[in-house]
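My entries follow the order in which I checked them.

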Amino acid sequence: MRIRRILAAVFATAALAGLGLTGAATATAATGSVAPASVTPGECTDNGGTIDRSTPVLPTCRGGMYDGQTVD
């Protein structure tokens, strides 16, 4: 009898933990990040990129998190 209660508690805990993880994953997916149209020079370099000033019109961030974004 005691084993049934222990197993029931283990299953209930696992079920509640599963719901918590599912909710966190859903919240993360719903708030997915969108890259901005342009970044500042500091944002580019702080996130592992370098500023390529040889591109026409506007400089471009090369490498890192904002690769290919224009720098203003």
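The entries below cover the disulfide, the core and the proline.

**Basis.** I worked from a predicted model, in which local features need pLDDT of at least 70, side-chain atom pairs count only at pLDDT 80 or more, and totals for chains, interfaces and linings use all residues. Residues are numbered from 1 along each chain as its sequence is written, and side-chain values use heavy atoms, with hydrogens and water left out.

**Disulfide.** I found one disulfide (a pair of cysteine sulfur atoms within 2.5 Å). It joins Cys 44 to Cys 61, S to S 2.1 Å. The link of Cys 44 and Cys 61 is right-handed, with 90 degrees about the S-S bond. Cys 44 sits in helix H2 (residues 41–46) and Cys 61 in strand E3 (residues 60–62), so the pair ties together parts 17 residues apart in sequence. Helices (H or I, at least four residues) and strands (E, at least two) are DSSP runs, numbered from the N terminus.

**Burial.** I looked up both cysteines: Cys 44 is buried at 1% relative accessibility, and Cys 61 is buried at 0%. Buried means under 20% relative accessible area, exposed over 50%, partly exposed in between (1.4 Å probe, protein chains only).

**Core.** I listed the largest nonpolar core as five residues: Val 39, Cys 44, Cys 61, Tyr 66 and Val 71. Such a core is a set of buried Ala, Val, Leu, Ile, Met, Phe, Trp, Tyr and Cys residues joined through side-chain atoms within 4.5 Å.

**Proline.** I placed Pro 59 in the loop between strand E2 (50–52) and E3. Pro 59 is buried, with a relative accessible area of 19%. Pro 59 and Thr 70 are eleven residues apart in sequence and 5.9 Å apart in space, C-alpha to C-alpha.
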